[in-house]
Amino acid sequence: IVFSHGGGCPKDMYLRLSDHWASHGYVVILPVHADSRSLGLSFAGMDPRKMGQLVYNRRYDMQHVLNSLVNIEAQVPELVGQLDHNRLIAAGHSMGGATAMAVSGLVLHDSSTQWVDQFTEDRFDVLLLVGDPGNRDFMPEAPWRTISIPTLIIPGLQLFILCQLFLLLLVHS
(Lines give C-alpha, C1' and ligand atoms only; values in the text may rest on other atoms or scores of the structure.)
Protein backbone atom coordinates (compact mmCIF):
# COMPACT_ATOMS: atom_id res chain seq x y z
CA ILE A 1 0.00 0.00 0.00
CA VAL A 2 1.43 3.37 -1.00
CA PHE A 3 -0.42 5.88 1.19
CA SER A 4 -0.42 9.58 0.30
CA HIS A 5 -0.96 11.88 3.28
CA GLY A 6 -3.46 14.72 3.37
CA GLY A 7 -2.37 18.20 2.34
CA GLY A 8 -0.01 19.73 4.85
CA CYS A 9 -0.21 16.76 7.20
CA PRO A 10 2.81 15.88 9.34
CA LYS A 11 4.69 12.73 8.38
CA ASP A 12 3.61 10.73 11.44
CA MET A 13 -0.12 11.49 11.30
CA TYR A 14 -1.13 8.12 9.79
CA LEU A 15 1.07 5.78 11.80
CA ARG A 16 -1.87 4.15 13.64
CA LEU A 17 -3.52 3.33 10.32
CA SER A 18 -0.33 2.07 8.66
CA ASP A 19 0.65 0.09 11.78
CA HIS A 20 -2.79 -1.52 11.79
CA TRP A 21 -2.45 -2.58 8.17
CA ALA A 22 1.12 -3.78 8.78
CA SER A 23 -0.05 -5.86 11.76
CA HIS A 24 -2.18 -7.80 9.25
CA GLY A 25 0.71 -8.47 6.88
CA TYR A 26 0.57 -5.48 4.53
CA VAL A 27 3.64 -3.49 3.63
CA VAL A 28 2.72 0.19 3.86
CA ILE A 29 4.88 2.95 2.43
CA LEU A 30 4.07 6.52 3.43
CA PRO A 31 5.95 9.01 1.25
CA VAL A 32 6.40 12.49 2.72
CA HIS A 33 5.28 14.94 0.03
CA ALA A 34 6.79 18.42 -0.34
CA ASP A 35 3.66 19.98 1.18
CA SER A 36 4.03 18.13 4.50
CA ARG A 37 3.97 20.36 7.55
CA SER A 38 6.99 18.29 8.62
CA LEU A 39 8.96 20.05 5.88
CA GLY A 40 7.74 23.54 6.81
CA LEU A 41 5.12 24.34 4.15
CA SER A 42 2.02 26.30 5.12
CA PHE A 43 -1.28 26.32 3.23
CA ALA A 44 -2.30 29.69 4.67
CA GLY A 45 -3.44 31.85 1.77
CA MET A 46 -2.29 29.36 -0.87
CA ASP A 47 -3.70 29.85 -4.37
CA PRO A 48 -5.87 26.87 -5.46
CA ARG A 49 -3.72 26.53 -8.61
CA LYS A 50 -0.69 26.02 -6.37
CA MET A 51 -2.60 23.19 -4.68
CA GLY A 52 -3.23 21.66 -8.11
CA GLN A 53 0.51 21.87 -8.81
CA LEU A 54 1.22 20.10 -5.52
CA VAL A 55 -1.04 17.19 -6.49
CA TYR A 56 0.60 17.17 -9.91
CA ASN A 57 4.02 16.81 -8.26
CA ARG A 58 2.78 14.31 -5.67
CA ARG A 59 2.04 11.86 -8.51
CA TYR A 60 5.75 11.63 -9.20
CA ASP A 61 6.38 10.83 -5.53
CA MET A 62 3.98 7.89 -5.79
CA GLN A 63 5.59 6.72 -9.03
CA HIS A 64 9.06 7.09 -7.51
CA VAL A 65 8.06 4.75 -4.68
CA LEU A 66 7.04 2.09 -7.21
CA ASN A 67 10.22 2.61 -9.21
CA SER A 68 12.23 2.21 -5.99
CA LEU A 69 10.66 -0.97 -4.57
CA VAL A 70 13.75 -3.08 -5.30
CA ASN A 71 15.99 -0.47 -3.65
CA ILE A 72 13.63 -0.18 -0.67
CA GLU A 73 13.80 -3.96 -0.21
CA ALA A 74 17.59 -3.86 -0.38
CA GLN A 75 17.75 -1.13 2.29
CA VAL A 76 15.23 -2.75 4.65
CA PRO A 77 16.21 -6.43 5.05
CA GLU A 78 12.90 -7.25 6.83
CA LEU A 79 11.10 -6.54 3.54
CA VAL A 80 13.04 -9.03 1.40
CA GLY A 81 10.44 -11.38 -0.05
CA GLN A 82 7.59 -9.43 1.55
CA LEU A 83 6.78 -6.98 -1.26
CA ASP A 84 4.37 -8.17 -3.91
CA HIS A 85 5.23 -6.00 -6.91
CA ASN A 86 2.11 -7.25 -8.71
CA ARG A 87 -0.52 -6.31 -6.09
CA LEU A 88 -0.23 -2.62 -5.41
CA ILE A 89 -2.71 -0.28 -3.79
CA ALA A 90 -2.77 3.50 -4.24
CA ALA A 91 -4.29 5.00 -1.11
CA GLY A 92 -4.66 8.40 0.43
CA HIS A 93 -6.55 10.76 2.69
CA SER A 94 -8.11 14.04 1.53
CA MET A 95 -5.58 15.66 -0.82
CA GLY A 96 -3.70 12.37 -0.62
CA GLY A 97 -6.87 10.74 -1.94
CA ALA A 98 -6.80 13.17 -4.87
CA THR A 99 -3.16 12.17 -5.35
CA ALA A 100 -4.02 8.46 -5.30
CA MET A 101 -6.79 9.15 -7.81
CA ALA A 102 -4.36 11.13 -9.96
CA VAL A 103 -2.07 8.08 -10.29
CA SER A 104 -5.03 5.84 -11.01
CA GLY A 105 -6.52 7.54 -14.06
CA LEU A 106 -8.06 10.79 -12.82
CA VAL A 107 -7.93 13.51 -15.45
CA LEU A 108 -6.87 16.81 -13.83
CA HIS A 109 -7.96 20.07 -15.38
CA ASP A 110 -8.02 23.81 -14.75
CA SER A 111 -11.06 25.39 -16.37
CA SER A 112 -9.59 28.89 -16.15
CA THR A 113 -6.58 27.98 -18.32
CA GLN A 114 -8.08 25.00 -20.17
CA TRP A 115 -5.14 22.92 -18.90
CA VAL A 116 -5.86 19.17 -18.97
CA ASP A 117 -3.55 16.42 -17.78
CA GLN A 118 -3.84 12.68 -17.27
CA PHE A 119 -1.10 10.68 -15.59
CA THR A 120 -1.81 7.00 -15.25
CA GLU A 121 0.53 4.82 -13.27
CA ASP A 122 -0.85 1.49 -14.42
CA ARG A 123 0.95 -0.61 -11.80
CA PHE A 124 -1.67 0.20 -9.14
CA ASP A 125 -4.42 -2.43 -8.98
CA VAL A 126 -6.74 -0.84 -6.43
CA LEU A 127 -7.61 2.66 -5.22
CA LEU A 128 -8.41 3.16 -1.53
CA LEU A 129 -9.62 6.59 -0.40
CA VAL A 130 -9.82 7.46 3.27
CA GLY A 131 -12.44 10.19 3.18
CA ASP A 132 -13.64 12.16 0.20
CA PRO A 133 -10.84 13.95 -1.71
CA GLY A 134 -13.20 16.92 -2.03
CA ASN A 135 -14.27 19.12 -4.90
CA ARG A 136 -11.02 20.81 -5.76
CA ASP A 137 -10.72 23.31 -8.60
CA PHE A 138 -8.47 21.02 -10.64
CA MET A 139 -10.74 17.97 -10.41
CA PRO A 140 -13.60 17.20 -12.79
CA GLU A 141 -17.16 17.29 -11.49
CA ALA A 142 -17.46 13.49 -11.34
CA PRO A 143 -13.86 12.35 -10.82
CA TRP A 144 -14.81 8.69 -10.30
CA ARG A 145 -15.78 8.33 -13.97
CA THR A 146 -12.17 8.37 -15.14
CA ILE A 147 -11.01 5.66 -12.71
CA SER A 148 -11.14 2.14 -14.09
CA ILE A 149 -9.63 0.15 -11.19
CA PRO A 150 -11.58 -1.12 -8.17
CA THR A 151 -12.10 1.78 -5.76
CA LEU A 152 -13.24 2.01 -2.16
CA ILE A 153 -14.03 5.28 -0.39
CA ILE A 154 -14.16 5.03 3.38
CA PRO A 155 -15.77 7.86 5.34
CA GLY A 156 -16.53 8.04 9.04
CA LEU A 157 -15.83 5.93 12.11
CA GLN A 158 -15.86 2.50 10.47
CA LEU A 159 -12.48 3.17 8.84
CA PHE A 160 -10.37 0.36 10.26
CA ILE A 161 -13.03 -2.34 9.98
CA LEU A 162 -13.97 -1.47 6.40
CA CYS A 163 -10.35 -1.10 5.27
CA GLN A 164 -9.48 -4.47 6.75
CA LEU A 165 -12.45 -6.20 5.12
CA PHE A 166 -11.67 -4.63 1.75
CA LEU A 167 -8.01 -5.64 1.91
CA LEU A 168 -8.91 -9.19 2.99
CA LEU A 169 -11.22 -9.46 0.00
CA LEU A 170 -8.39 -8.39 -2.29
CA VAL A 171 -5.99 -10.97 -0.90
CA HIS A 172 -8.50 -13.79 -1.28
CA SER A 173 -9.81 -12.81 -4.72
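These notebook entries record what I looked up in the predicted model.

**Entry 1. Conventions**

I worked with a predicted model, in which local features need pLDDT of at least 70 and side-chain atom pairs count only at pLDDT 80 or more, whereas totals for chains, interfaces and linings use all residues. Residues are numbered from 1 along each chain as its sequence is written, and side-chain values use heavy atoms, with hydrogens and water left out.

**Entry 2. The sheet**

I began with the strands, which like the helices are DSSP runs numbered from the N terminus (strands: E, at least two residues; helices: H or I, at least four). Two strands are taken as paired if DSSP finds at least two bridges between them. I found an open sheet of 4 strands in the order 1-2-5-6, with parallel pairing. Its edge strands, each pairing on one side only, are strand 1 (2-4) and strand 6 (151-154). Direction ignored, neighbouring strands of this sheet are turned by 15° against each other on average. For such angles, axes are lines fitted to C-alpha atoms, for helices over the stretch in contact, and angles between N-to-C directions run from 0 to 180 degrees.

I then went through the pairings one by one. Strand 1 and strand 2 run parallel and are joined by 3 bridges, and Ser4 stands opposite Gly92 in strand 2. Strand 2 and strand 5 pair in the parallel sense over 6 bridges. For this pairing I noted Ala90 with Leu127, Ala91 with Leu128 and His93 with Val130. Strand 5 and strand 6, also parallel, are joined by 4 bridges; here Leu128 has Leu152 as its bridge partner in strand 6.

I next looked up burial, where buried means under 20% relative accessible area, exposed over 50% and partly exposed in between (1.4 Å probe, protein chains only). Strand 2 is mostly covered, with 5 of its 6 residues buried.

**Entry 3. The largest nonpolar core**

I looked for nonpolar cores, that is, sets of buried Ala, Val, Leu, Ile, Met, Phe, Trp, Tyr and Cys residues joined through side-chain atoms within 4.5 Å. The largest has 25 residues, of which Leu69, Ala90, Met101, Phe124 and Leu127 touch the most other members. At least two residues of this core come from each of helix 2 (48-67), strand 2 (88-93), helix 4 (95-102), strand 3 (104-110) and strand 5 (124-130). Helix 4 gives the most, with 4 residues. Apart from this core lies another, of 14 residues, among them Phe3, Trp21, Tyr26 and Ile154.

I listed the contacts of Ala90 (heavy atoms within 4.5 Å). Leaving aside neighbours within four places in sequence, the partners of Ala90 include Val2, Met62, Ala100, Phe124 and Leu127.

**Entry 4. Helix 4 and Gly97**

I asked which residues Gly97 touches beyond four places in sequence. They are Gly92, Leu129 and Pro133. Gly97 is found in helix 4 and is buried, with a relative accessible area of 0%. From C-alpha to C-alpha, Gly97 and Gly131 are 7.6 Å apart in space, although 34 residues separate them in sequence.

**Entry 5. Helix 1**

Just after helix 1, Gly25 takes a positive phi of about 95°.

**Entry 6. Aromatic pairs**

I searched the whole structure for aromatic pairs and noted 2. Rings of Phe, Tyr and Trp (its six-membered ring) pair if their centres lie within 6.5 Å; planes under 30 degrees apart count as stacked, over 60 as edge-to-face and the rest as tilted. The ring centres of Phe3 and Tyr14 are 4.9 Å apart and the planes lie at 55°, so this pair is tilted. Together with Trp21, Phe3 and Tyr14 form one aromatic cluster.
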